[in-house]
Amino acid sequence: MSTPESCVIPNFLGALRQKLLDYVLSQEQNFRQATVSRGASRAVIEGVRRARVLESLGSFEGGFLERLERVALIPPGRIESQITASNHGDYFRLHQDGGPDDTREITFVYFLHGEPRPFSGGELKIRTNTMAPQGDTLILFPSCSVHEVLPVEVPSRQFAHSRFTVNGWIHRRTD
């Protein structure tokens, strides 16, 4: 369901979702602690964000970004992306991805996890709209929107049961 704050696109990757998920699961040892921006630098700040990230979609990056460009709400400039694994107790407190001096225009979150969901929680809250994770669904919203990831519960604590997303930002053109 799309709202004024967001655009929701179900069945974004279709059959490719499982292949991308298999790749993600094979990369467990390459995930690192998630960081947050602190001016010009980045830092691990568990009071703000707790998760693990992988900075590359590997051979899936080109196909994912091509599909994203076809559905984006603005002509894309540079696109940043990462894969996030959120396990038991992980979250991302209220924040904005872009501001007046930032070139981030659109934030995207693609729910990659398997179905049925092996976790609970992890809802994406954009302003007053809360969306439960739905596998193979892409959500786009303005980067200036205040949003958060609510705490995730993974009873097994297994990496493969994490809340997986491909998330990132479409920057406005600066040329």
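1. Asn11 counts as exposed, at 61% relative accessibility (exposed means over 50% relative accessible area, buried under 20%, and partly exposed in between, with a 1.4 Å probe and protein chains only). The model is predicted: local features need pLDDT of at least 70, side-chain atom pairs count only at pLDDT 80 or more, and totals for chains, interfaces and linings use all residues. Residues are numbered from 1 along each chain as its sequence is written, and side-chain values use heavy atoms, with hydrogens and water left out.

2. Asn11 is placed in the loop between β1 (7-10) and α1; helices (H or I, at least four residues) and strands (E, at least two) are DSSP runs, numbered from the N terminus. The phi of Asn11 is near 55°, a positive value in a residue other than glycine. Arg157, in the loop between β15 (152-153) and β16, has a positive phi near 60° and is exposed, with a relative accessible area of 52%.

3. Most residues other than glycine have a negative phi, and most peptide bonds are trans. The bond from Glu115 to Pro116 is cis, with omega near 0°. Pro116 belongs to the loop between β9 and β10 (120-121).

4. In helix α1 (residues 16-26), the buried residues are Arg17, Leu20, Leu21, Tyr23 and Val24. Viewed down the axis of α1, they fall within an arc of 155°, so they line one face of the helix; the arc is that of the directions from the helix axis to the C-beta atoms. Their cover includes β6 (52-54), β7 (79-86), β9 (104-111) and β16 (163-171).

5. The largest nonpolar core has 27 residues, and Phe64, Leu68, Phe108 and Val166 have the most contacts inside it. Such a core is a set of buried Ala, Val, Leu, Ile, Met, Phe, Trp, Tyr and Cys residues joined through side-chain atoms within 4.5 Å. The largest share of this core, 4 residues, comes from α1. Leaving aside residues up to four places away in sequence, Phe64 touches Phe12, Leu13, Leu57, Phe108, Tyr110 and Val166 (contact means heavy atoms within 4.5 Å). A second, separate core of 11 residues includes Val36, Phe111, Ile126 and Ile139.

6. An open sheet is formed by 5 strands in the order β5-β8-β14-β11-β12, with antiparallel pairing; two strands pair if DSSP finds at least two bridges between them. β5 (49-50) and β12 (129-131) stand at the edges with a single partner strand each, so one side of each is left without a neighbour in the sheet. Strand β11 (residues 124-126) is joined to β12 by 3 bridges, and Ile126 stands opposite Asn129 in β12.
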